[in-house]
Amino acid sequence: MPPGVLIAAVLSAVLFAQAFLRLRARRPDYAPWTRALLFGAALALLVLPLVSPLDEAGDERLLSAHMLQHMLIGDAAVALLVVSVRGPLVFFLLPPPVLRPLAAFRPLRAFLSLLLIPLVSLGLWGLAMIAWHVPRIYDYAAAHRLVHDLQHLSFVVVGLLAWTQLVDPARHERLRRPRRIFFALGMLVLAQPVVDALLFSSKPLYGRYAHPADPLFGISPLTDQRLAGVVMMTEQLLTLGICVALLLRPYLRERRTRARPAFS
């Protein structure tokens, strides 16, 4: 396991464990065990793609494997992570001796407030999604470990920003429910040019995967590229589709309640 991944995983687990136990000691109903299961699933989706055979396959042999890795760590994992700490639990993540000086440091608060402006969060997410998939930048990152690690870190950071807007774990209500739905649709729109390029290009776009010495499963580079587009589109439709469905649920429930007397 790369040292950075190990340190981040252990630190995240420790912070969540102390927050979960502190809140559960006060209000068990605010810290149900399902939150621990969700956090465990999020941590697994963050770590396993970076330390399993998927990492080697994505680095050297299949663009579709690399895309799956990116979608898991930058979207599915961070979505589960934000959902797992929503509500009072998010305020317990940092112990008081750490939280107090950070909360009093105005430049940090101003910087975080800027990042969490909805349009800023969405813009940074779209910029990372599009820029890192420009063929020259993508190939360069894949060939240089430090840049590759920065790429993965940026996907996690912008994913956290975007899903914080969608889930609103601290209930700041920067976006009300209808605007959160449009935010999710905006993410789909921003990702669509990358999906279209992968699906409809007539030739391989990424030199690193254009001439594999030993194609995995005999998949051609062009088929692999189209599979990468399918992976990206399917994962985003699943995660964002579920999010939109949950956001729409109160409106649908209210509509059914209003319609019920008309049929009685």
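Predicted model: local features only at pLDDT ≥ 70, side-chain atom pairs only at ≥ 80, totals over all residues.
Let me start with Arg171, which is found in the loop between H9 and H10, where helices, like strands, are DSSP runs numbered from the N terminus (H or I over at least four residues for helices, E over at least two for strands). The phi of Arg171 is near 60°, a positive value in a residue other than glycine, and the loop between H9 and H10 also holds Asp168, whose phi is near 55° and likewise positive in a residue other than glycine. As background, most residues other than glycine have a negative phi. Asp168 counts as buried because its relative accessibility is 6%, given that buried means under 20% relative accessible area, exposed over 50%, and partly exposed in between, with a 1.4 Å probe and protein chains only.

Residues are numbered from 1 along each chain as its sequence is written, and side-chain values use heavy atoms, with hydrogens and water left out. The protein averages a pLDDT of 91, and 96% of the residues score at least 70, pLDDT being the predictor's confidence in each residue, from 0 to 100.

Now to the helices on either side of that loop. The axes of H9 and H10 come within 8 Å and cross at roughly 150°, the axes being lines fitted to C-alpha atoms, for helices over the stretch in contact, with angles from 0 to 180 degrees between N-to-C directions. H9 is therefore roughly antiparallel to H10, since angles over 145 degrees count as roughly antiparallel, those under 35 as roughly parallel, 65 to 115 as roughly perpendicular and the rest as oblique. On the H9 side the contact is made by Ala162, Trp163, Gln165, Leu166 and Val167, and on the H10 side by Arg180, Phe183, Ala184 and Met187, where contact means heavy atoms within 4.5 Å. By class, the contact of H9 with H10 has 7 nonpolar, 1 polar and 1 charged residues, with Ala, Val, Leu, Ile, Met, Phe, Trp, Tyr, Cys and Pro counted as nonpolar, Asp, Glu, Lys and Arg as charged, and the others, Gly among them, as polar.

Arg180, in helix H10, is buried, with a relative accessible area of 13%. Not counting residues up to four places away in sequence, Arg180 touches Gln165, Leu166, Val167, Asp168, Leu175 and Leu247.

Ser121, found in helix H7, is buried with a relative accessible area of 0%. Leaving aside neighbours within four places in sequence, Ser121 is in contact with Leu115, Leu116, Leu161, Gln165 and Phe183.

Where is confidence lowest, and where is it highest? It is lowest in helix H3 (residues 53-60), at a mean of 84, and highest in helix H7 (residues 118-131), at 96. H3 and H4 pack at an angle of about 125°, with their axes 7 Å apart, which makes H3 oblique to H4. The residues of this contact divide into 5 nonpolar, 3 polar and 2 charged. The buried residues of H3 are Leu54, Asp55, Ala57, Gly58 and Asp59, and what covers them includes helices H2, H4, H9 and H11.
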